[in-house]
Amino acid sequence: MVTSVRASVREARALATQASDRLPSPRVVLALAGIETRKILVHPVFLGTMGVCALFITRAVGSNGNIGWLVGGIAVGLVAGGFISASLATQRARRDRVLELFGSLPAPAETRTAAVLLGGLFGPVVLASLLGVIGGAALEADAKIAPYVDLSLLVQIPLTVAAMCALAVALGRWIPSPVTAPVVLVAQVMTGLVWVIPWVAPTSSGIRMGRHVTYLVSFIVVASAAALVRDRRTLLRLIVAGLALALMAGAAATQLPPGGLR
Amino acid sequence: MSIPTVQVSGIEKSFLRTRALAGVTFDADAGITGMLGPNGAGKTTLLRMMATVLAPDAGQLRMLGWDPGKPDERLAIRRRLGYMPQEPGFHRNFTAFEFVDYVAILKEMVDRRARHDEVRRVLELVGLEGVSGRKIKALSGGMRRRVALAQALLGDPDLLVLDEPTAGLDPEQRLRFREIVSERSTDRTVILSTHQTEDVAALCPRVVVMNEGRTLFDGTPKELADVARGRVWLAAERAPDAHLSWRTGDGRHRNIGSAPSGAELVEPTVEDGYLLLVGTKAFDEEAA
């Protein structure tokens, strides 16, 4: 058993030595991203959570000013659905044992990673933007919720979804297991991690919105770079990841107003 | 004098203490080269090297004139290679069309219309046009192998590396496979690993027999059959001195080994030559 595991590890290393040294072609990544987008959007997990999302947003209308229904709907629907389906899409090649075949093809491995990252952007993020606008318009009629719905909220929703999709891809590349995404999601809620990962904060919370948005954008860059670095460590990627990490940490540490969120 | 499409010279490969290849040498040019050998002979390891996914520990390998050890040349090989692994994985939730299309994109076919035409062409070639919209998890084992063959045929590659492509195919599908591969072998190189000596006899002008990481034989199927010439005979009983013996359909025993005087010698087949070369290990597998 131990020997076979070692042999597998050694074989995997030998396979890795035959990796391509070429950067992925943008045209190949875009073509593949089209398939990944479709696969993420029609994944049963994503469709299921979208149903929950719709239910929550419907509940938000006429909820007597409870913004939690709207944020909760986005969280359960787009964030969780995008997070889990992007994670599964990242691990698909490994799970389906097609790495040997894909290793013989001209496109390098990071082509697939980049395609899933873009798939998360094209699918859940565009959908999040649309839903945010539609949901926002619908909630304008609710006098108690309307004050919470502003441009910053509509910007944060797609950014949060993008950040979580990018995190899912990075986790899927570094910890390839089908339980990674659900465990991380549960851990966020159960352990309070929910406050240190990307989240939507209404302007009324007093958060420094510019820094919060900077935090979200730099988080996306860090997670994307972490995912791509798993395939190939280039100096440029490491520098970009390092700079974005510093920016993210700085923005995260200073985004809260004095005295904390309201 | 032209350079052979595939040049394998003194290739060695070990996985921990297991020596998979112990100095394999042969060349292959246009046409079909059959690789025969029992399980563990090193065929799959060698084919993975030819498919550029595995690097040798020692020795030299050149494919289509390029060295797969050099990144630029490896990419050039991959652009002209079609590979069907022994255990091809599939995205089970993709349709046959989607999966072949996905591979086509990874083969750098980015023009959507031309790519879809090519995907339809290869699916039609392997007889799957009627089920191209069906999910792979709903296809039979034989159909899945044809999906794997279809992706290998994308772009009409100069070099086809097929690892046990006929495993799990019914007789009709095997005939169809022979037709497809033989059509492509006139000006292209096909490396075909198989356990089926009938496939080798029917398809390959050249055969390489491997065992325990070494090349045991390199020649034509007729030469392989000739290895057993004068050493195959039929008898009412199993001959005690025969290397190998089995009861045939007519109730008599086919014996392979040193024939006794007066034995009823028969024309040897590729299988006889192969079994004699490889010995009981292959025989046990054939029987199983």
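Author: What follows sets some assigned labels against the values behind them, for a model that is predicted.

Reader: Why is A:Ala60 called buried?

Author: A residue counts as buried if 20 or more other C-beta atoms lie within 10 Å of its own, and A:Ala60 has 23 other C-beta atoms within 10 Å, so the label buried applies. A:Ala60 lies in helix H3 of chain A, which covers residues 44–60, and its C-alpha atom is separated by 43 Å from that of A:Leu238, 178 residues apart along the chain.

Reader: How do you know that strands E10 and E12 of chain B pair?

Author: Pairing requires at least two bridges between the strands, and E10 (residues 232–235) and E12 (residues 253–256) of chain B have four bridges, in the antiparallel sense; therefore they count as paired. In E12(B), B:Ile256 is the bridge partner of B:Val232.

Reader: What makes E10(B) and E13(B) a pair?

Author: E13 of chain B (residues 264–265) runs antiparallel to E10(B) and is joined to it by two bridges, which meets the requirement of at least two. The bridge partner of B:Trp233 in E13(B) is B:Leu265.

Reader: Why are E11 and E13 of chain B said to stand at the edges?

Author: The open sheet of four strands has the order E11-E12-E10-E13 in chain B, with antiparallel pairing. E11 (244–247) and E13 each have a single partner strand, so one side of each is left without a neighbour in the sheet.

Methods: Residues numbered from 1 in each chain as written. Chains lettered and ligands numbered in written order. Predicted model: local features only at pLDDT ≥ 70, side-chain atom pairs only at ≥ 80, totals over all residues. Buried ≥ 20, exposed ≤ 12 C-beta atoms within 10 Å, placed from the backbone.
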